[in-house]
Amino acid sequence: MNIDILIDRFLGLLFILIGVLVIVLISKIISIIFKVSFTKILIFAFGGIFVFFVALFAFIIFNFFNNKSEEKKLVYIGSVPEFKLTNQDNKAISDKDYLGKVYVVEFFFSTCPTICPKMNQSMLQLQEEFYGNPKFGLASITIDPEHDTSEVLKEHADLLGVKHYNWHFLTGDKEYIYSLANKGFNLYAGENNKAAGGFEHSGLFALVDKDGKIRCRKDAQGNPILYYDGLETSGVEAIKEDIKKLLAE
């Protein structure tokens, strides 16, 4: 056994022994001064110490589990930006229509040859997981609104197999949508002639609670992840877990 460990244990036992001797000595002095039974004082003293350590232990345990509970709570990132767009049924949809619902936001475009198909498949998994729940929704916002009209988005949604009544494919003014993505949600979207499909954007999902607040979990280091990876299985599983938490709030 390491000599340092032996020394630490010896010192620990020594301090305990000294503490006991001090308590006995003080109890003896009190019994002499106040002419009270030494045994009773000793029992009272050790009883008090026992109660103190039980209370201390209970406090430590309470704080441990309370901190664990706090760690599991989802972080508030900020309020969802106000928006008003048109869905695949040519109906006006705003952020107000999602109040009272937990929902996921993605930015995509229907002709995307790279990450969008994977993102849409991840959204389909969320639809499947929470299908029939009126308190859950999805928002797929196109970054190519000149091509992705309501009619085009309707065809795209039908092709994907969209069946959740709260899954809206949204289109509108291009500059308005880019501002919504980049400044509102802080999810990058823009035109790039060198990029496949002519556009580039984030593959991340934003999670919004029933009160219109963007929420997220913390990583292993205790830092907010901000958004969820819509391209990786781990990201999809994480957002499923957190949607359930928000639905239960």
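**Stop 1: Thr-142**

Select Thr-142 and show its contacts. Beyond residues up to four places away in sequence, Thr-142 touches Phe-108, Phe-109, Asp-148, Leu-153, Leu-170, Thr-171 and Ile-177. Keep in mind that this is a predicted model. Thr-142 belongs to strand S5, residues 136–142. Is Thr-142 buried or exposed? Buried: its relative accessible area is 0%.

**Stop 2: Cys-112**

Cys-112 is in the loop between S4 and helix H3 (116–129). Cys-112 has a relative accessible area of 7%, so it counts as buried. Show its contacts next. Setting aside neighbours within four places in sequence, Cys-112 is in contact with Pro-117 and His-201.

**Stop 3: the whole chain**

Zoom out and switch to a cartoon. The chain has six helices and 11 strands. It runs to 249 residues, of which 38% count as buried. Consider contacts between residues at least 6 apart in sequence: 70% of them join residues at least 24 apart.

**Stop 4: the nonpolar core**

In soluble globular proteins, nonpolar side chains tend to be buried together. Here the largest nonpolar core has 54 residues. Which residues have the most contacts inside it? Select Val-104, Val-105, Phe-107, Leu-126, Phe-185, Leu-207 and Ile-243. Then centre on Val-105. Leaving out neighbours within four places in sequence, Val-105 is in contact with Ala-139, Ile-141, Phe-185, Leu-204, Phe-205, Ala-206 and Val-208. Phe-185 is also among the core residues with the most contacts.

**Stop 5: salt bridges**

Side chains of opposite charge can pair when their charged atoms come close. The structure holds 14 salt bridges.

Start with Lys-96 and Glu-82. They form a salt bridge, with the closest N and O atoms 4.0 Å apart. Lys-96 sits in the loop between strand S3 (92–94) and strand S4 (102–108), and Glu-82 in the loop between strand S1 (75–79) and strand S2 (84–86), so the pair ties together parts that are 14 residues apart in sequence. Glu-82 is exposed, at 62% relative accessibility. Lys-96 is partly exposed, at 47% relative accessible area.

Is Asp-95 buried or exposed? Asp-95 is buried, with a relative accessible area of 9%.

Next, select Arg-217 and Glu-241. In this salt bridge the closest N and O atoms are 2.8 Å apart. The pair links distant parts of the chain, 24 residues apart: Arg-217 is in the loop between strand S10 (213–216) and strand S11 (228–229), and Glu-241 is in helix H6 (residues 233–248). Arg-217 counts as partly exposed at 22% relative accessibility. Glu-241 is partly exposed as well, with a relative accessible area of 45%.

Finish with a group. Glu-129, Glu-237, Lys-240 and Lys-244 form one network, joined by salt bridges that share partners.

**Stop 6: aromatic rings**

A pair of aromatic rings is described by the distance of the centres and the angle of the planes. There are seven aromatic pairs in the structure.

Select Phe-83 and Tyr-98. Their ring centres are 6.4 Å apart and their planes lie at 50°, so the pair is tilted. This pair links distant parts of the chain, 15 residues apart: Phe-83 is in the loop between S1 and S2, and Tyr-98 in the loop between S3 and S4. Both residues are buried.

Jump to Phe-130 and Phe-136. Here the centres are 4.9 Å apart and the planes at 40°, so this pair is tilted. Phe-130 and Phe-136 are both buried.

**Stop 7: charges over rings**

Two last selections. Show Lys-163 with Tyr-131: the charged end of Lys-163 sits over the ring, 4.9 Å from its centre. Then show Arg-215 with Tyr-76. The charged end of Arg-215 sits over the Tyr-76 ring, 4.0 Å from its centre.

Notes. Residues numbered from 1 in each chain as written. Predicted model: local features only at pLDDT ≥ 70, side-chain atom pairs only at ≥ 80, totals over all residues. Heavy atoms only, no water. Helix = DSSP H or I, 4+ residues; strand = E, 2+ residues; numbered from the N terminus. Buried < 20%, exposed > 50% of the residue type's maximum accessible area, 1.4 Å probe, protein only. Contact = heavy atoms within 4.5 Å. Salt bridge = Lys/Arg side-chain N within 4 Å of Asp/Glu carboxyl O. Core = buried A, V, L, I, M, F, W, Y, C linked by side-chain atoms within 4.5 Å. Phe/Tyr/Trp six-rings, centres within 6.5 Å; stacked < 30°, edge-to-face > 60°. Lys NZ or Arg CZ within 6 Å of the ring centre and 35° of its normal.
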